[in-house]
Amino acid sequence: MKDLSSHILDIVQNSIRAKARLIRIEIEERADSDELEITISDDGKGMTKEEAERATDPFYTSRTTRKVGLGLSLFKQNAEMTGGSFCLESKPGKGTKVVAIFGLRNIDRPAMGDLSGTLL
């Protein structure tokens, strides 16, 4: 994925497939600590601990239409390449929360892209 808006769209689509009724996207730029934090949370079906641990494995997907799931693994990789971090929390029946922190001014951070246009 070429920009962060595409990553966000991919995770939102995961939330929709998980029957989420409420999806929250938070983007916080912290110039003083050189961080860009993206948090996406939903109230979907959630994942077991084992599913959540495997969710960032590019060769794992819960979908039956393909054999790989690159979205979360690439999002994690992009965050970590900038000196940032990635966290995925999920509980069955409660939903999922993804937090990616990027080095704000790091040369490896993908551009934000057209967030409003991508989500529309």
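Helix 1 and helix 3 are oblique to each other, a class that holds the angles left over once those under 35 degrees (roughly parallel), over 145 (roughly antiparallel) and 65 to 115 (roughly perpendicular) are set aside. The model in the viewer is predicted, so local features need pLDDT of at least 70 and side-chain atom pairs count only at pLDDT 80 or more, while totals for chains, interfaces and linings use all residues. Residues are numbered from 1 along each chain as its sequence is written, and side-chain values use heavy atoms, with hydrogens and water left out.

Select helix 1 (4-17) and helix 3 (residues 70-81). Helices (H or I, at least four residues) and strands (E, at least two) are DSSP runs, numbered from the N terminus. Two packed helices are described by the angle between their axes and the distance between the axes. Here the axes come within 10 Å and cross at roughly 140°; axes are lines fitted to C-alpha atoms, for helices over the stretch in contact, and angles run from 0 to 180 degrees between N-to-C directions. The crossing is left-handed, meaning that the near helix is turned anticlockwise from the far one by less than a right angle.

**Second stop: two loops with positive phi**

Most residues other than glycine have a negative phi. Select Lys19, in the loop between helix 1 and strand 1: its phi is positive, near 65°. Lys19 is exposed, with a relative accessible area of 66%. Exposed means over 50% relative accessible area, buried under 20%, and partly exposed in between (1.4 Å probe, protein chains only).

Next select Asp34, in the loop between strand 1 and strand 2. Asp34 is not a glycine either, yet has a positive phi of about 55°. Its relative accessibility of 27% makes Asp34 partly exposed.

Side chains of opposite charge can pair when their charged atoms come close. The structure holds 6 salt bridges, each a side-chain nitrogen of Lys or Arg within 4 Å of a carboxyl oxygen of Asp or Glu. Begin with Asp43 and Arg21, whose side chains meet at 3.5 Å, N to O. Asp43 lies in the loop between strand 2 (35-42) and helix 2 (49-54), and Arg21 in the loop between helix 1 and strand 1 (23-30), so this bridge ties together parts 22 residues apart in sequence. Asp43 is partly exposed at 26%, whereas Arg21 is exposed at 75%.

Move to Arg30, which is buried at 17%. Glu28 is partly exposed at 41%, and Glu35 is partly exposed at 25%.

**Last stop: Thr96**

Finish in strand 4 (residues 95-103), where Thr96 is found. Is Thr96 buried or exposed? Thr96 is buried, with a relative accessible area of 14%. Its side chain makes a polar contact with the side chain of Ser90 at 2.7 Å. A polar contact is a pair of N or O atoms within 3.5 Å; within protein, one must be able to donate a hydrogen and the other to accept it, and residues adjacent in sequence count only if both atoms are side-chain atoms. Leaving aside neighbours within four places in sequence, the contacts of Thr96 include Ile40, Ser41, Met47 and Leu88.

Technical notes. Contact = heavy atoms within 4.5 Å.
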